[in-house]
Amino acid sequence: MKLIKGSILLLIAITLTNCGIYSFTGLTETPETFQVNFFQNNADLVEPGLDIQFTNALQDIIQNQTSAQLVNSGGEVIYEGEIIEYRIAPMTATAQNTAAQNRLTISINVRYFNTQDSEKDMEQRFSFFYDYGANEQLVGGLKDEAFEVIFERLTQDIINATLADW
């Protein structure tokens with residue numbers, strides 16, 4: 001009986017040890033330090049404050065999902081880029097040929113540099129949208145909700161593309 005219990009404990013220990021490179025967030029690589037440079041708003045339609053809000057959102061998600069420390073310079077991994085699209089467009093029409101729904105789309109061009117392994121460097125465009133009723137104005141709480149939804153998806157996609165080996 002002691003042999004069976006010992007075997008089960010050994011099997012559990014081996015299983016847990018083999019899972020050590022994985023984390024609950026899906027990140028397989030966590031740098032010690034990271035740097036997020038200011039994301040300039042170069043979109044044709046400029047929304048005031050969008051640049052700093054996105055930069056802060058990217059910093060926050062990296063801090064929340066990794067143990068890496070935010071630094072102003074000399075980061076092990078560096079994120080930079082620009083907001084390249086901020087567009088509001090009608091999505092669906094009614095029988096009277098008026099918009100029933102609008103879509104806010106935000107696109108970000110990201111350059112990622114890994115100072116420890118330059119083969120992981122990349123440049124990629126990320127884009128996401130938020131749909132809202134045509135009778136609603138994109139101001140106040142609705143605008144805050146739209147930014148939150150879009151930033152959550154964009155920043156998670158950026159993290160997955162740079163720090164997770166999917």
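This is a predicted model: local features need pLDDT of at least 70, side-chain atom pairs count only at pLDDT 80 or more; totals for chains, interfaces and linings use all residues.

Residues are numbered from 1 along each chain as its sequence is written, and side-chain values use heavy atoms, with hydrogens and water left out.

A salt bridge here is a side-chain nitrogen of Lys or Arg within 4 Å of a carboxyl oxygen of Asp or Glu. The rule gives eight salt bridges.

**Stop 1.** Select lysine 143 and glutamate 47. Their side chains form a salt bridge, N to O 2.8 Å. Lysine 143 sits in helix α3 (residues 140–163), and glutamate 47 in the loop between β2 (40–41) and α2 (50–65), 96 residues apart. Helices (H or I, at least four residues) and strands (E, at least two) are DSSP runs, numbered from the N terminus. Glutamate 47 is buried at 16% relative accessibility; lysine 143 is partly exposed at 21%. Buried means under 20% relative accessible area, exposed over 50%, partly exposed in between (1.4 Å probe, protein chains only).

**Stop 2.** Move to glutamate 80 and arginine 111. Their closest N and O atoms are 3.2 Å apart, in a salt bridge. Glutamate 80 belongs to strand β4 (residues 77–93) and arginine 111 to strand β5 (residues 99–114), so the pair ties together parts 31 residues apart in sequence. Glutamate 80 is partly exposed, at 22%.

**Stop 3.** Finish at arginine 87 and glutamate 85, a salt bridge at 2.7 Å, N to O. Arginine 87 is partly exposed at 41%, while glutamate 85 is buried at 15%.
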